[in-house]
Amino acid sequence: MMSDFSPHRARKRFGQNFLVDQNIINGIIDAIDPIAGQHIVEIGPGQAALTRKLIHAVGSIDAIEIDRDLVARLTHEFPVEKLRVHQADAMEFDFSTLPSPLRVVGNLPYNISTPILFRLCEYEDRISDMTFMLQKEVVERMAAAAGDDARGRLSVMLQYRFKVEKRFDVPPTAFKPVPAVDSSIVRLTPLGSARLRPKDEILFARIVNEAFSQRRKMLRKSLAKWVTADGWKTIGVAPTARAEELTCEAFVAISDWAGVHRNAL
Ligand code: SAM
């Protein structure tokens, strides 16, 4: 396998830390729980640590890899009936060209993990679930409940669309080269019809952003532009609260109220 190639030298700019610990690799495959016939796309297959086992379980998968040297190795190792490799930047890839319902998996390059999550939100209706390895601290932010210190814009923007579940931690020693940070596995499942529907999603995103960009301030200050003193009473949220204390439902109530009253302020 891959014998025609000299050893690949990990590229920092592509966030390349390759999984080498077989127990951890098996644990991630168990967490994904791939079943024959499912449509799976892997972001950043790298040297195929997960890819090999995913193909074994489901028969064939798609994968998006930016590094052309790794693409050459992957196409050499796997016939196209088993692995369709798209040499592309996952940030620009059109996921609607793949069959749905789609399962998205990957040990994501840490340098672009948050933008990729936001990008994948655009394909929420086509995705059945996503299982990723990310920096532990990012996973804690993604999963943080209202009132947790780690709660931020990412928590709210993901949790109003997805069930976010942290699965387990992965130590730096599971990778080569060894990264400076701990990692965790997280599963995101679209909430479908149970998902919250802000009346204006752009306004909702803007209000969440503004509330967290001044997270130490009380809402009556950080969102003064959007909500009046009477408004807070109607919405039923304390104007003295801080962004991290709010549920997604509360942010929807604030943005729906602000949408109706924006011209009157
Ligand atoms: N899946 C492999 C593993 O677990 O050992 C590799 C994981 S490594 C952390 C991240 C992989 O994503 C690398 O193969 C890297 O080349 C690829 N990558 C980095 N940026 C990318 C991008 N923008 N689009 C697609 N792949 C990318």
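These are brief notes on a predicted model.

1. Overall make-up. The protein has 265 residues, and 48% of them count as buried. Ten helices and nine strands make up its secondary structure elements. Along the principal axes, the C-alpha atoms fill a box of roughly 70 × 35 × 30 Å.

2. Contacts. Take the contacts between residues at least 6 apart in sequence: 66% of them join residues at least 24 apart.

3. Core. The largest nonpolar core holds 28 residues. Phe95, Phe132, Met142 and Leu188 have the most contacts inside it.

4. Met142. Which residues does methionine 142 touch, leaving aside neighbours within four places in sequence? The contacts are Leu117, Leu134, Leu154, Ser155, Leu158, Gln159, Val164, Val186 and Leu188.

5. Cysteines. The structure holds zero disulfides. Cysteine 121 is in none; the nearest cysteine sulfur belongs to cysteine 248. The cut-off for a disulfide is 2.5 Å between the sulfurs. Both residues are buried: cysteine 121 has a relative accessible area of 5%, and cysteine 248 has 6%.

6. Surface and charge. The accessible surface comes to about 12,700 Å², with 50% belonging to carbon and sulfur atoms. There are 36 positive and 33 negative charges, and their mean positions lie 4 Å apart.

Technical notes:
Residues are numbered from 1 along each chain as its sequence is written. This is a predicted model: local features need pLDDT of at least 70, side-chain atom pairs count only at pLDDT 80 or more; totals for chains, interfaces and linings use all residues. Side-chain values use heavy atoms; hydrogens and water are left out. A nonpolar core is a set of buried Ala, Val, Leu, Ile, Met, Phe, Trp, Tyr and Cys residues joined through side-chain atoms within 4.5 Å. Buried means under 20% relative accessible area, exposed over 50%, partly exposed in between (1.4 Å probe, protein chains only). Contact means heavy atoms within 4.5 Å. Helices (H or I, at least four residues) and strands (E, at least two) are DSSP runs, numbered from the N terminus. Accessible areas come from the Shrake-Rupley method with a 1.4 Å probe; for residues, only the protein chains shown count as cover. Lys and Arg count as positive and Asp and Glu as negative; His and the chain ends are not counted. The place of a charge is taken as NZ of Lys, CZ of Arg, CG of Asp or CD of Glu.
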